Amino acid sequence: MAKKCEMKLIGIDASPYVNRVRVVLKLKSIDYEYIQEHYPSKSELLLTSNPVHKKVPVLLHANESPIPESLVIIEYLDEIHPDVHQILPKAPLDRAESRLWAFYIDNTLWRLYEELRLAPGQEEKEEVKKRIFEAAQLLEGVYAKSSNGKTYFGGDDLSYIDVVLGCFLPWTGMLETINDFKVFDDVRTPGLAAWAKCIRSHEAFKSVCPGDHEALMDLYMIRQKYITNMRYV
């Protein structure tokens with residue numbers, strides 16, 4: 001009889017928040033059961049596991065209380081499996097800076113893409129694009145400092161910021177195609193342009209993140225129809 005997994009993850013395939021957790025589970029070689037939601041429907045398991053926000057991802061670990069929110073889950077996994085591919089840096093200041101930039105990515109950069117989606121006209125869209133470029137150039141500086149001339153924000157291997165930003169790449173790529181612009185390019189952000197290529201080819205991302213826009217577009221169109229706030233369930 002197959003051994004029952006102690007860990008279960010509730011999610012949907014196209015969600016960058018869910019995929020963050022799946023990348024970390026892959027990096028740490030943790031076995032888990034994946035429970036697929038079918039958005040916009042929400043299962044009873046999801047509603048009872050995350051009654052406050054009613055969103056994925058939610059981690060179920062043995063008989064412990066359910067753990068929602070991608071960044072909380074990642075830190076939990078890093079703490080219970082510290083000896084396998086540590087995600088957050090060891091030094092307290094470095095950990096604090098990683099959390100700061102993860103917050104910036106979620107609450108500034110990604111929200112600008114949401115503003116772009118909701119902008120009523122071309123003039124407004126162009127103004128938002130300028131702000132996205134500014135945010136990307138700020139992250140270019142963070143990458144240069146954090147990577148120390150190596151491949152990833154974490155240096156030789158994936159770290160917290162790599163996972164947080166990397167799982168947005170399929171979505172930002174699709175939204176940039178729709179709006180006819182490119183953020184991480186060889187002129188404005190050469191470091192991040194090279195980084196993005198490495199992220200897309202990394203086995204942990206390739207095995208989890210959508211490789212084309214079709215699955216993303218399906219969810220995007222559902223979100224356009226049902227809700228204006230593009231925080232992906």
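Reader: Is Glu75 buried or exposed?

Author: First, the general idea. Buried means under 20% relative accessible area, exposed means over 50%, and partly exposed lies in between (1.4 Å probe, protein chains only). Glu75 has a relative accessible area of 17%, so Glu75 is buried. A word on the source: this is a predicted model, where local features need pLDDT of at least 70, side-chain atom pairs count only at pLDDT 80 or more, and totals for chains, interfaces and linings use all residues. Residues are numbered from 1 along each chain as its sequence is written, and side-chain values use heavy atoms, with hydrogens and water left out.

Reader: Where is Glu75 found, and which residues is Glu75 in contact with, leaving aside neighbours within four places in sequence?

Author: Helices are DSSP runs (H or I, at least four residues), numbered from the N terminus. Glu75 sits in helix H3, residues 70-80. Contact means heavy atoms within 4.5 Å. Leaving aside neighbours within four places in sequence, Glu75 touches Leu88, Arg99 and Tyr160.

Reader: How many residues has the largest nonpolar core?

Author: A nonpolar core is a set of buried Ala, Val, Leu, Ile, Met, Phe, Trp, Tyr and Cys residues joined through side-chain atoms within 4.5 Å. The largest here has 71 residues. Leu77, Ile132, Phe184 and Trp195 have the most contacts inside it. Helix H4 (residues 92-118) gives the most to this core, with nine residues. Domain bounds come from an automatic or database domain assignment. Domain 1 (7-80) and domain 2 (92-201) both give residues to this core, so the core lies between them.

Reader: Where is the kink in H4 centred?

Author: The bend at a residue is the angle between axes fitted to the seven residues ending there and the seven starting there. In H4 a kink of about 35° is centred on Ile105. Now check the span.

Reader: How many disulfides does the count come to?

Author: A disulfide is a covalent bond between the sulfur atoms of two cysteines. The rule asks for a pair of cysteine sulfur atoms within 2.5 Å. By this rule the count is zero.

Notes:
Helix = DSSP H or I, 4+ residues; strand = E, 2+ residues; numbered from the N terminus.
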